[in-house]
Amino acid sequence: MKAIVDRDACISCGLCESICPGVFKLDDENISTVIVDPVPEEFEDCAVESKETCPTNAIIIE
Ligand code: SF4
């Protein structure tokens, strides 16, 4: 599994980092970035939950 953040769509709410800190981290510009590629199996569930929770649908899971 691969997670991608659409930086233009991210509104820096921090939800993904709260839900899944092993995968998402807000960077210096307060935009969510993916810190692991591929997503480790143990984080797949929270990565999908982050995608479903993101208010702007900025997270893409492949
Ligand atoms: S949940 Fe979505 S909008 Fe919020 S920080 Fe994460 S990627 Fe950005």
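This briefing covers the fold, the ligand shell, the core and selected backbone features of the structure above. The model is predicted: local features need pLDDT of at least 70, side-chain atom pairs count only at pLDDT 80 or more, and totals for chains, interfaces and linings use all residues. Residue numbers start from 1 along each chain as its sequence is written.

**Fold and dimensions**

- Two helices and four strands make up the secondary structure of the protein chain, where helices (H or I, at least four residues) and strands (E, at least two) are DSSP runs numbered from the N terminus.
- Their order along the sequence is β-α-β-β-α-β.
- The radius of gyration of the protein chain, 10 Å, is close to the 11 Å that the globule rule gives for 62 residues, so the chain is as compact as a globular protein of that length; the radius is taken over C-alpha atoms, and the rule is 2.2 Å times the number of residues to the power 0.38.
- The C-alpha trace spans about 25 × 20 × 20 Å along its principal axes.
- Of contacts between residues at least 6 apart in sequence, 59% join residues at least 24 apart; a contact requires C-beta atoms, placed from the backbone, within 7 Å.

**Ligand shell**

- There are 15 residues around the ligand, of which Cys10, Cys13, Cys16, Ser32 and Cys54 come nearest; a residue is near if its C-beta atom, placed from the backbone, lies within 6 Å.
- The shell has 11 nonpolar, four polar and no charged residues, with Ala, Val, Leu, Ile, Met, Phe, Trp, Tyr, Cys and Pro counted as nonpolar, Asp, Glu, Lys and Arg as charged, and the others, Gly among them, as polar.

**Burial and core**

- Buried residues account for 23% of the 62 in the protein chain; buried means 20 or more other C-beta atoms within 10 Å of a residue's own, exposed 12 or fewer, and partly exposed in between, with C-beta atoms placed from the backbone.
- The largest nonpolar core holds 12 residues, including Cys10, Cys16, Val23, Phe24 and Cys54; such a core is a set of buried Ala, Val, Leu, Ile, Met, Phe, Trp, Tyr and Cys residues joined through C-beta atoms within 7 Å.
- Leaving aside residues up to four places away in sequence, Val23 touches Ala3, Val34, Ile35, Val36, Val39, Phe43, Cys46 and Ala47.

**Backbone features in loops**

- Asp37 and Pro38 are joined by a cis peptide bond with omega about 0°, and Pro38 lies in the loop between β3 (32-34) and α2 (44-53).
- Asn30, in the loop between β2 (24-26) and β3, is a non-glycine residue with a positive phi near 65°.
- Asn30 counts as exposed because it has 11 C-beta neighbours inside 10 Å.
- Asn57, in the loop between α2 and β4 (59-61), is not a glycine but has a positive phi of about 55°.
- With 10 other C-beta atoms within 10 Å, Asn57 is exposed.

Technical notes:
Two residues are in contact if their C-beta atoms, placed from the backbone, lie within 7 Å.
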